[in-house]
Amino acid sequence: MEKNSNDYAYHMPVMVEECLEGLNVRRDGIYVDATFGGGGHSRAILEHLGAEGRLYAFDRDADAAGNAIDDSRFCLIGENFCHLKRFLRLYGVRRIDGLLADLGVSSHQIDEGERGFSTRMDGPLDLRMDRREGRTAADLVNTADESELEQLLRLYGELPNAHQLARAIVERRTESGISTTGDLKAAVERLLPRGRENKTLAMIFQALRIEVNGELEALRQMLEQAVELLNPGGRICVMSYHSLEDRLVKNYFRAGNFEGEVVKDFYGVPQVELKVVNRKPITASEEELVRNNRARSAKLRVAEKAESGKRKAESI
Ligand SMILES: C[S@@+](CC[C@H](N)C(=O)[O-])C[C@H]1O[C@@H](n2cnc3c(N)ncnc32)[C@H](O)[C@@H]1O
């Protein structure tokens, strides 16, 4: 695979300093970058690791392999992070000291018109991060029931007119099929609220992307495995870009489940394995926002594995 020449041309990393501080990197620790992308965060972690430290990075997009870092302490695993435990075990890793996940898509994925992630470019309606598997967004919009489309537009796009949008998609596919981003835009164009056309289109694309890539389920699986793998005192840092992901992370960090309800034992002691490090999510500084507009919706949450077993939630 050819090396991508300029690191930041692929993706400009968000809140690098904040992530490093959150991870609290130990020089001899074993770390995971669950979303390698352009490798910006991985490079920063490697700078803080000593000769004994190790960094395992995951990315399900084959294009990310072009950014692989030539360093004996580094290993890139081209897989979905929902298989975190399985692939780490393949490398003999059973415990880790920290994990970072910078969710969502890279600028590279958005900028490549033929991947279908961009609402602005015309290209095949694909939207898969891993092009080896699964159905494309075109498959989805051409085959799903109207009610399934409505549900995912409502759930993952938080679109109030999901019913009309799903109907318009089905009408269009019956007339002429939908194979490109342009076809999808044409199908829904008349339903985009004035002044909010781009935002609404972005939410439609987000809904399809979440469904096509099984993003929320992958996140749930990764979080559960990460907590199992973490050594006591180890940190997990997750950066999310929309409220559906952030809610899952917030609930899981706080309560150890995705509903966010803290379970107590017989004596009323909360049964939680993580301690929330920052009560409120960390957001990018004004200075970073000037440099990198994509940082504007990022929310970083950090939690630490309790020293032994389940812990009281007194500091949460
Ligand atoms: C926002 S980018 C990460 C950018 C990276 N932190 C950097 O500094 O360049 C997200 C990356 O995570 C990858 N990704 C998203 N979901 C994934 C999953 N479930 N498993 C593995 N990789 C995933 C995407 O392919 C994308 O390259």
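This is a predicted model: local features need pLDDT of at least 70, side-chain atom pairs count only at pLDDT 80 or more; totals for chains, interfaces and linings use all residues.
Some ground rules. Local features here need pLDDT of at least 70 and side-chain atom pairs count only at pLDDT 80 or more, while totals for chains, interfaces and linings use all residues. Residues are numbered from 1 along each chain as its sequence is written, and side-chain values use heavy atoms, with hydrogens and water left out.

I start with the sheet. It is open and has seven strands, in the order β3-β2-β1-β4-β5-β7-β6, with mixed pairing. Strands and helices are DSSP runs numbered from the N terminus, with at least two residues (E) for a strand and at least four (H or I) for a helix. Two strands pair if DSSP finds at least two bridges between them. At the edges are β3, residues 74–77, and β6, residues 274–276, each of which pairs on one side only. From one strand to the next the twist averages 20°. β2, residues 54–58, runs parallel to β3, and four bridges join the two. In that pair, phenylalanine 58 is opposite isoleucine 77 of β3.

Two helices lie across this sheet. Helix α3, residues 40–48, lies across β1, β2, β3, β4 and β5, at about 175° to β2. These angles run from 0 to 180 degrees between N-to-C directions, and the axes are lines fitted to C-alpha atoms, for helices over the stretch in contact. Contact means heavy atoms within 4.5 Å.

Next, aspartate 102, which sits in strand β4. Is this residue buried or exposed, and what is its nearest side chain of opposite charge? Aspartate 102 is buried and has no salt bridge; the nearest side chain of opposite charge is arginine 294, 6.6 Å away. Buried means under 20% relative accessible area, exposed means over 50%, and partly exposed is in between, with a 1.4 Å probe and protein chains only. For charge, Lys and Arg count as positive, Asp and Glu as negative, and His and the chain ends are not counted. A salt bridge needs a side-chain nitrogen of Lys or Arg within 4 Å of a carboxyl oxygen of Asp or Glu. Aspartate 102 does have a polar contact of 2.7 Å with the side chain of tyrosine 241. Such a contact is a pair of N or O atoms within 3.5 Å; within protein, one must be able to donate a hydrogen and the other to accept it, and residues adjacent in sequence count only if both atoms are side-chain atoms.

A polar atom of its side chain is 2.9 Å from the backbone nitrogen of tyrosine 267.

Now the backbone angles. Most residues other than glycine have a negative phi. Methionine 15 has a phi near 45° and is buried at 0%. Glutamate 158 has a phi of about 50° and is partly exposed at 40%.

Last, the salt bridges: the count is 23. Arginine 132 pairs with glutamate 79 at 3.8 Å, so parts 53 residues apart in sequence are tied together. Arginine 132 also meets aspartate 130, at 2.8 Å. Arginine 132 is exposed at 57%, whereas aspartate 130 is buried at 5%. A salt-bridge network links Asp61, Asp63, Glu114, Arg115 and Arg131.
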